[in-house]
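Morning, everyone. I have one structure for you today, so please have the sequence and the model open.

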Amino acid sequence: MKLKMQNTLKIIGLYPIIILFIFSSYFLYLSYNQYNKAIFIESKLKSTAVLENLSNEIAKERGLSSTFIASNGHISKEELAKQRLIVNSSMKKFYMYYKKRGSDQRIKQIINQLNQIGNVRSKIDSLKDIDFNNIFFSYYSKINNNILAELKTLKDIVTNSDIVSLSSSLIANMNDVEYNSQERDFISKIITEYVPFSGKDIKTWLSISGKTNTFSLEQLKDPVSKMRISTLYHSKAGKKILNDVFDAKKDLIMSAQSGEYLIDPTLWFNIMSKKIAMLQKSSKYMQSSLLEDVKLYKNQNIGQLISAGITWLTSIVFMFLGVMLSRQFKKNIEGLEGIFKKVEELAETKEDVDFSTSEGMSKAYNIINQAIDNIAKEKDSAKEASAAKSIFLANMSHEIRTPLNGIVGFTELLKGTDLDDEKREFVDVIEKSSENLLAIINNILDLSKVESNKVEIDEILFSPIEEFENALEVYGPKAAEKGIHLSAYIDPNLNKYIKGDVTKIKEVLINLLSNAVKFTKENGYITTEIKKIDGMPEGKTKIYFSVQDTGMV
C-alpha cells in the first residue's frame with residue numbers, strides 16, 4: 001500500500017503528538033488531584049490541632065465534673081471553674097476556625113452539642129436530679145467521640161504509604177488519649193464516692209480499658225517519631241508514670257469489691273493525667289513528623305504538577321504546530337507543483353510527477369538535481385565571464401590612467417606658462433575634465449579590485465589634522481562657488497600621529513563632502529565635525545565623522 005506524503009506526515013508527526021496530548025492531559029489530571037490531596041491533608045492537620053485541643057480540654061472538664069458530682073460539690077469546685085474558662089477559650093477557637101472554612105455534618109453536630117454546654121453545667125452546679133451516665137457518656141464523651149470520628153478521617157485521605165501509616169498511628173494514639181481520659185474520669189467518680197464497683201461498673205470499666213491500647217510503638221514506621229516516643233516512654237520519668245498507673249490499677253482491682261480504696265481520687269486523677277499528657281506529647285511528635293512529610297509530599301506534587309503542566313502545554317504547542325505544518329506542507333506541495341514547470345524547463349525534461357507520494361517526490365528530486373547541475377554549469381560560465389570582465393576593467397583602467405596622468409601633468413606645466421585669459425580658460429576646462437575622468441577611472445579600478453578580492457588596506461602613519469584639513473580644502477572653493485557656508489571642527493586632541501589607510505579615509509570624507517556640496521542649495525550650510533572618541537583601549541583610536549547639510553529644501 002502506497003501512502004501519500006500528507007498521510008505519512010500525520011502518522012509520524014501529528015498522531016504521536018495527539019497521543020502525547022492525551023497522556024499528558026491524564027497525567028496533569030492525576031497530578032492536580034494529588035496536589036489537591038496534599039492541600040487538603042495539610043488543612044486537615046491544622047483542623048486536627050484545633051479539634052485535639054478542644055477534645056483534651058473537654059476531657060479535663062469531664063473528669064473534674066465527675067469528681068465534683070461524686071463528692072457532692074466538695075472536691076474540684078475551683079479547678080472545675082478554671083477549666084470551664086479554658087474550655088470556653090478552646091470552643092471560641094473552634095468556632096472561629098470553622099466559621100472561616102465551613103463545616104460538614106459532623107462538625108455541625110459537634111457545634112450543636114457544644115451549644116448545650118451551658119445547660120449541662122447548670123445541672124452539674126445544681127447537683128439536683130443529675131444522671132451521671134447521661135452527662136458522662138451521652139454528653140461529654142459523645143462530643144469527644146464525634147471529635148475522634150472527625151479526626152479519624154485524616155487516615156482516609158489516600159496519599160503515599162508513609163503518610164497513611166503515620167496518620168493511622170496518630171489516630172490510634174489520639175484514640176488512646178480519649179479512652180484513657182474516659183477511664184480516668186469514670187474511675188475518679190467511683191473512688192470519690194468510696195463505693196464498691198458494681199457488676200455494671202466493672203463491665204463499663206473493662207469496655208473502656210479495652211479501647212486504650214490501640215497505639216503500638218512497634219507498628220510506627222516513621223523513624224523520627226519512633227525514636228522520640230521511645231525515648232519518652234523509656235525515660236526514667238516515663239517508666240515511673242507507667243509503673244504508677246499499673247500499680248494504681250492493681251490496687252483498684254484488689255479493692256473493687258470492698259470499696260476500701262487505697263488510692264486517693266486526686267492522686268488517681270493526677271497519675272492518669274500524667275499518662276495522658278505523655279500520650280498527648282507522643283501525638284505532638286507524630287503530628288510534627290506528619291506535617292514535614294505532608295510538606296515534602298506537597299513540594300513533590302508541586303514539582304510534578306508543574307512538570308505535567310509544562311508537558312501538557314508543550315503537547316498543545318506541538319499539536320498546533322503539527323496542524324499548521326500539515327497545512328503548510330499541503331500549501332507547499334501546491335506551490336511546488338506551480339513552479340516545478342520552470343524547474344522542468346531548466347532540467348530540459350518533461351515528466352508527470354505526483355507530489356503526494358514518496359515515489360513522486362523522489363522523481364521530483366532527480367529532476368531538481370538535474371536542473372541544479374544545469375544551473376551550476378551556467379553559473380561557472382557566468383563566473384568566468386565576470387572574471388574576464390574584472391581583469392579587463394583592471395587592465396583598461398591602468399592603461400587609460402597612464403596617458404591621463406601625462407595629460408594632467410602637462411596641463412599643470414601649461415598653466416605655468418604665459419597664457420592669455422581665453423587660453424587659460426581652455427586649460428582650466430582640460431584640467432577639470434581630466435580630474436573628473438581620473439576620478440571615474442579610480443572608481444572603476446577600486447571596483448575591479450573589490451570584485452577580484454584584491455583590496456588592500458594600507459597601514460601608514462599620518463597626521464589626522466593635516467590630512468583632514470587637506471580633504472576639506474578641496475571642497476572649500478566649490479562650496480564658495482555656490483555661496484554655501486562650509487564650517488568644520490577638527491578635534492585638537494587629534495594632534496598625534498595615527499596609523500591607518502588615510503587614502504581610503506579621505507576618500508570616504510571627500511565623497512560625503514562631495515554629496516553635501518552637490519545636494520545643498522545656494523546659500524545653504526554644511527557643517528563638518530571630526531572628533532576623537534574617548535574610552536578606547538591603549539593603542540587604539542576611534543574617530544567620529546559627521547557631515548550635516550541643509551539639503552535641497
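A definition to begin with. Helices here are DSSP runs of at least four residues, numbered from the N terminus. Keep in mind that this is a predicted model.

Let's go to the surface. Leu-20, Val-317, Phe-318, Phe-320, Leu-321 and Met-324 form a nonpolar patch there. Together they have about 530 Å² of accessible area. Which helix gives the most to that patch? Helix α10, residues 265–347, with five residues.

Take two of the members. Phe-320 is found in helix α10. Its relative accessible area is 52%, so Phe-320 is exposed; the cut-off is over 50%. Met-324 is also found in helix α10. Met-324 has 38% relative accessibility, so it counts as partly exposed. One more point on Phe-320. In sequence, Phe-320 and Ile-17 are 303 residues apart. In space, their C-alphas are 9.5 Å apart.

Now a charged patch. Asp-420, Asp-421, Glu-422, Glu-425 and Asp-428 gather on the surface as a patch of negative charge. Asp-421 sits in helix α12, residues 421–451. Is Asp-421 buried or exposed? Exposed, because its relative accessibility is 67%.

Next, salt bridges. The count comes to 15. Start with Glu-150 and Lys-44. Their side chains meet in a salt bridge at 2.9 Å, N to O. Glu-150 lies in helix α5, residues 132–152, and Lys-44 in helix α1, so this pair ties together parts that are 106 residues apart in sequence. Both partners are buried: Glu-150 has a relative accessible area of 5%, and Lys-44 has 11%.

Stay with Glu-150. Its side chain also meets that of Arg-106 in a salt bridge, at 3.2 Å, N to O. Arg-106 lies in helix α3, residues 105–114, and Glu-150 in helix α5, so here the parts tied together are 44 residues apart in sequence. Arg-106 counts as partly exposed, at 29% relative accessibility.

Another pair is Glu-529 with Lys-531. The closest N and O atoms of that salt bridge are 3.7 Å apart. Glu-529 is partly exposed at 27%. Lys-531 is partly exposed too, at 32%. There is also a network of salt bridges, which links Arg-62, Glu-178, Arg-184 and Asp-185.

On to helix α2, residues 77–101. This helix has 25 residues. How far does α2 reach from its first C-alpha to its last? It reaches 36 Å, close to the 36 Å expected at 1.5 Å a residue. Its buried residues include Leu-80, Arg-84, Val-87, Met-91, Phe-94 and Tyr-98. An α-helix has 3.6 residues a turn, so residues three or four places apart point the same way. Please look at α2 with that in mind.

What follows α2? Gly-102, with a positive phi near 85 degrees.

Ser-76 lies in the loop between α1 and α2. Its relative accessible area is 14%, so Ser-76 is buried. Tyr-194 counts as partly exposed, at 44% relative accessibility.

That's my tour. Over to you.

Note on methods: Residues are numbered from 1 along each chain as its sequence is written. This is a predicted model: local features need pLDDT of at least 70, side-chain atom pairs count only at pLDDT 80 or more; totals for chains, interfaces and linings use all residues. Side-chain values use heavy atoms; hydrogens and water are left out. Patches are made of residues with over 30% relative accessible area and no salt bridge: like charges are joined within 9 Å, nonpolar side chains (Val, Leu, Ile, Met, Phe, Trp, Tyr) within 5 Å. Accessible areas come from the Shrake-Rupley method with a 1.4 Å probe; for residues, only the protein chains shown count as cover. A salt bridge is a side-chain nitrogen of Lys or Arg within 4 Å of a carboxyl oxygen of Asp or Glu. Lys and Arg count as positive and Asp and Glu as negative; His and the chain ends are not counted. The place of a charge is taken as NZ of Lys, CZ of Arg, CG of Asp or CD of Glu. Helices (H or I, at least four residues) and strands (E, at least two) are DSSP runs, numbered from the N terminus. Buried means under 20% relative accessible area, exposed over 50%, partly exposed in between (1.4 Å probe, protein chains only). The expected span of a helix is 1.5 Å times one less than its number of residues.
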